[in-house]
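Subject: Structure for your review

Dear colleague,

I would be grateful if you could read the notes with the structure open beside them.

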Amino acid sequence: MLDFAAIDFETANPHRSSVCSVGVVIVRNGIIADRIYSLIRPEPEWYLYCHTRIHGLKKKDTENEKVFPFVWEQIAPKITGLPLVAHNASFDKSCLQEVFRVYQMDYPDYEFHCTCNASRRVFGDLVSNHKLPTVAAYCGYDLTSHHNALADAEACAEIARRVFINAI
């Protein structure tokens, strides 16, 4: 898999539709070709303290941002035909499906691959755990801004390049 888009969402609250930021890293021929980051006004538009503590985003950061359909309108053409990869893909896939549902958008049934599951298969006991920062470090990526959607997508892309392209 030489072409893919690594994606990461952060949410404002427990509702999977409450995406408040997205990071996308597009890889073509095994090389990073594009990076996209956007803040998003979440739906529902409220922040739970524990989520803010994780990613640092608050209502004041996103209250004047575009809602998801307008953000996705810019992303969708760039990822058409590409499989999506995410670390713990079930979370990011469910966020994407739920926000499509909330905004009554037709979900195009994106193909998802999970770098967390792939790292378990490829690296096994070579890493102490399969959390994103640990696996990213093992793959040579310094994830100093964990829970920034773009930084997490970049880390995921680096892991994917190792586990799907250059499997060790």
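The notes below go through the sheet, the cores and the packing of the helices.

Please bear in mind throughout that this is a predicted model.

The sheet

Five strands make up an open sheet with mixed pairing, and their order is E3-E2-E1-E4-E5. Strand E3 (31-39) and E5 are the edge strands, each of them pairing on one side only. On average, and with direction ignored, neighbouring strands of the sheet are turned by 25 degrees against each other.

E1 and E2 run antiparallel and are joined by eight bridges. Eight bridges also join E2 to E3, and this pair is again antiparallel. Arg-28 stands opposite Ile-31 of E3.

Ala-6 belongs to strand E1, and its bridge partner in E2 is Val-25. Val-25 in turn has Arg-35 as its bridge partner in E3.

How enclosed are these positions? Ala-6 has a relative accessibility of 0% and therefore counts as buried. Apart from neighbours within four places in sequence, Ala-6 is in contact with Gly-23, Val-24, Val-25, Val-85, Ala-153, Cys-156 and Ala-157. As for E2, nine of its ten residues are buried, so this strand is largely enclosed by the rest of the structure.

The nonpolar cores

The largest nonpolar core has 26 residues, and those with the most contacts inside it are Ile-7, Phe-9, Val-24, Phe-68, Trp-72, Ile-79 and Leu-96. Two or more residues of this core come from each of strand E1 (4-11), strand E2 (19-28), helix H3 (68-79), strand E4 (84-86), helix H4 (89-102) and strand E5 (112-114). Another core, of twelve residues, lies apart from it and includes Ala-118, Leu-132, Leu-143 and Ala-151.

Which residues does Val-24 touch? Not counting residues up to four places away in sequence, Val-24 touches Ala-5, Ala-6, Ile-7, Asp-34, Arg-35, Ile-36, Ile-75, Ile-79, Leu-150 and Ala-153.

Helices on the sheet and against each other

The bridges that join E2 to E3 number eight. H3 packs on the sheet and touches E1, E2, E3 and E4, with its direction at about 10 degrees to that of E2. Helix H5 (residues 115-123) packs on the sheet as well, where H5 touches E4 and E5 and its direction makes about 45 degrees with that of E5.

H5 also packs with helix H7 (residues 149-165), at an angle of about 40 degrees and with the axes 10 Å apart. H5 is therefore oblique to H7. The crossing in which H5 passes H7 is left-handed. On the H5 side, the contact is made by Thr-115, Ala-118, Ser-119, Val-122 and Phe-123. On the H7 side, Cys-156, Ile-159, Ala-160, Arg-162, Val-163 and Phe-164 take part.

With kind regards

Key:
Residues numbered from 1 in each chain as written. Predicted model: local features only at pLDDT ≥ 70, side-chain atom pairs only at ≥ 80, totals over all residues. Heavy atoms only, no water. Core = buried A, V, L, I, M, F, W, Y, C linked by side-chain atoms within 4.5 Å. Buried < 20%, exposed > 50% of the residue type's maximum accessible area, 1.4 Å probe, protein only. Helix = DSSP H or I, 4+ residues; strand = E, 2+ residues; numbered from the N terminus. Contact = heavy atoms within 4.5 Å. Pairing = 2+ DSSP bridges. Axes fitted to C-alpha atoms, helices over the stretch in contact; angles between N-to-C directions. Parallel < 35°, antiparallel > 145°, perpendicular 65-115°, else oblique. Left-handed = near helix turned anticlockwise from the far one by under 90°.
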